[in-house]
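The sequence and the structure come next.

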Amino acid sequence: MKRVFAHIGFSVAITLILLNFTGIRAALAITVIAGALFALFLCIRKTRKNVAAPLCMLSVFLACIIFISTYYGNFLPQSRLNGKTAETSFYVVSLDEKATNGYSYTVKTNYINLNGAPQNIKLTVRTDEKINAQPYQIISADLKFNLVADNGFNSYGSFGENIFLSSKLYKYEVSDQKINSPYKFILKIKSDIRDLVRENINKKMQGVILAIVTGDKSDIVSEVKNNFKESGVSHVMAVSGLHLTAFSGTVYQILKKLRISKKPRTALSLLSVIFYMALTGFTKSVMRTGIMMIVLLAGKLFDEKSDSLNSLGFAVFLICFNPFAVTDAGALLTVSAVLGILTINPILNGLYKPKIKIIKYPYDIFTTSVSVFITTFPVMYFVFGYVSLIGTVLNIIMIPAAQFTLISAYLMIIFQWAAPLLSFFAALSNAGASFMIMLAEKCAGLPFAVKDISSPVTGLVIAAVFALFGIAFIIKGKPLLKRCAVISVVVSAAVLAVSLILNYNSIFIRTISGYDSTAEVVYGKDCAVVVGIDDYSQYYTAKYILISGNFDSVIVADSGIYSEKLAKDIDSNSAEILKSGDFDIDLSHKLNVRYYNDESGDKAIFTVFDKKFEFVSGKCENDFSDSLINGNRSSEYDSEYTINKYGFSERRINQWLK
């Protein structure tokens with residue numbers, strides 16, 4: 001059987017995604033079912049010879065065992081600390097990261113003075129000021145432990161890093177005792193690189209360069225981050241295969257120029273991959289690419305050819321030893337992106353092969369971007385609720401620019417001992433990052449840059465396509481796969497057409513979580529009203545909704561500087577900002593918007609198809625939903641309500657990733 005690890009890795013990953021949704025009881029039940037089916041398939045000669053069926057059932061069984069053992073052995077003991085306070089000694093294992101109010105650190109406990117408490121666990125500690133201690137230096141404090149989330153998908157990647165608890169640090173004592181760890185050396189290098197970049201690169205460009213070199217995103221300006229995201233090129237700032245390939249490839253080429261023989265050169269390149277994985281904190285995206293490259297380089301050492309899809313499956317399998325790793329949006333995006341490069345990209349490249357060499361490179365980037373767009377689309381639907389339409393084309397310019405900036409930054413670090421070379425490569429890095437920021441800013445403002453895909457109908461299309469290809473995978477055969485591709489296009493077009501007909505007169509209410517409150521955007525096919533924009537993240541989300549909708553008229557309730565900025569950024573001929581604190585507007589016979597202020601705070605009441613939705617300072621009450629957004633606090637996720645004459649529906653947006 002070919003590609004054994006591809007079958008195992010992806011079967012385990014898909015099972016764990018489902019288990020993280022359904023919980024421990026489902027895991028216990030599926031374990032029994034999968035074990036029984038595995039035994040049954042072994043007993044039946046036809047399925048035993050097929051191999052794929054029993055292997056997949058064995059993978060499902062193994063995934064359940066991994067999930068159950070981690071739940072009872074790791075998550076449950078730590079979750080029992082939720083709400084408890086204990087004298088704790090710990091040490092910092094990360095560089096400081098700027099948070100909304102203060103700083104955030106990853107720490108590891110040395111001792112928790114509480115009966116039955118698990119020891120040596122990682123958690124997130126937030127502070128108002130920087131901790132005055134060195135990494136791996138013992139700190140003592142009374143900590144109150146809080147559970148990050150009740151499941152992996154709501155933890156925004158924390159569970160994927162084995163972090164289940166958080167705490168706020170107020171008073172602490174620092175001792176002279178230090179923990180010895182080999183990673184202390186890596187952390188020191190990472191800190192020195194950050195200091196070097198901060199000293200030699202302009203402030204606005206620092207965050208981009210640190211992100212692409214070490215994965216440290218703490219210095220990225222919010223506006224820059226959102227522009228990259230809106231223009232569909234945020235992947236260049238997330239350390240992944242692009243950066244690891246550039247780093248190890250540079251090392252390999254330097255060794256080749258030095259005429260070092262093949263096996264020592266390959267061995268040193270392999271070590272450089274491991275070093276870079278450590279430097280970037282063993283993030284899931286780097287782990288995935290790193291494992292693949294290790295497998296490929298190891299094959300070169302032994303003169304063996306390796307299968308890329310099998311290597312990806314093997315990498316996914318190793319990552320899945322942490323069952324919560326599949327809830328990390330970054331890991332899902334990178335794995336699905338590589339899957340597109342390995343499966344769809346060869347087909348696209350086979351359709352046309354440029355004969356002119358100068359066209360080949362941009363054409364390869366374009367086909368790669370299209371392939372990645374196709375396979376990451378389902379993840380983008382669940383994670384963000386929108387996609388960038390311009391990113392596919394923009395990558396043709398942005399990826400070479402990122403590679404230029406990355407290599408220049410490496411050379412700046414290598415030659416930091418020589419002032420003239422340091423200044424020269426710093427100038428190149430600065431120019432590269434500046435060009436990337438300018439390009440993202442220009443493209444993010446285009447009206448067709450982003451498209452909202454949060455409609456439940458999009459989910460139906462994705463489910464239909466998955467079902468079709470799942471059947472084709474089980475039955476097998478290339479002709480069937482081609483037919484499924486054609487059927488998928490037809491089904492997608494048909495479902496979208498029906499959706500357009502059914503939702504033509506629908507009204508949508510989108511809640512947007514922020515730092516201290518929840519904003520609302522209510523819109524139909526022609527007009528939109530925005531209420532409660534209090535911070536930049538809400539402004540950014542509302543902006544892409546409005547640009548994507550291309551409405552004839554937009555009304556923005558005046559609630560601060562970001563409301564005014566939003567009104568100015570939308571087409572000035574159609575956007576209107578209401579300075580009055582109270583208003584009552586009939587946008588159509590189906591929609592009335594009333595906005596006023598009283599002692600309890602700002603209130604927005606949307607009456608849609610005779611059904612009332614009331615938002616009070618971020619609190620949502622309506623005729624259909626029992627879920628409330630508490631007080632003045634922000635919700636942990638966005639919601640979208642779809643209302644028409646056929647009924648009402650609600651779905652959560654971006655609950656996997658802030």
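A nonpolar patch is made of residues with over 30% relative accessible area and no salt bridge, their nonpolar side chains joined within 5 Å. In this predicted model, Leu 58, Phe 61 and Ile 65 form such a patch on the surface, and together they have about 220 Å² of accessible area. Ile 65 lies in helix α4, which covers residues 52-79. With a relative accessible area of 37%, Ile 65 is partly exposed, because partly exposed residues fall between the buried limit of under 20% and the exposed limit of over 50%.

The table lists relative accessible areas for single residues.

| Residue | Relative accessible area | Class |
|---|---|---|
| Cys 64 | 0% | buried |
| Cys 443 | 11% | buried |
| Ile 65 | 37% | partly exposed |
| Leu 271 | 52% | exposed |

The structure holds zero disulfides.

Leu 271 belongs to helix α9 (residues 262-279).

Helix α12 runs over residues 329-343 and has 15 residues. At 1.5 Å a residue, helix α12 should span 21 Å, and this agrees with its end C-alpha atoms, which are 21 Å apart. The buried residues of α12 include Ala 329, Leu 332, Leu 333, Val 335, Val 338 and Gly 340. Thr 334 and Ser 336 are also among the buried residues of α12.

Terms used
Residues are numbered from 1 along each chain as its sequence is written. This is a predicted model: local features need pLDDT of at least 70, side-chain atom pairs count only at pLDDT 80 or more; totals for chains, interfaces and linings use all residues. Side-chain values use heavy atoms; hydrogens and water are left out. A disulfide is a pair of cysteine sulfur atoms within 2.5 Å. Buried means under 20% relative accessible area, exposed over 50%, partly exposed in between (1.4 Å probe, protein chains only). Patches are made of residues with over 30% relative accessible area and no salt bridge: like charges are joined within 9 Å, nonpolar side chains (Val, Leu, Ile, Met, Phe, Trp, Tyr) within 5 Å. Accessible areas come from the Shrake-Rupley method with a 1.4 Å probe; for residues, only the protein chains shown count as cover. A salt bridge is a side-chain nitrogen of Lys or Arg within 4 Å of a carboxyl oxygen of Asp or Glu. Helices (H or I, at least four residues) and strands (E, at least two) are DSSP runs, numbered from the N terminus. The expected span of a helix is 1.5 Å times one less than its number of residues.
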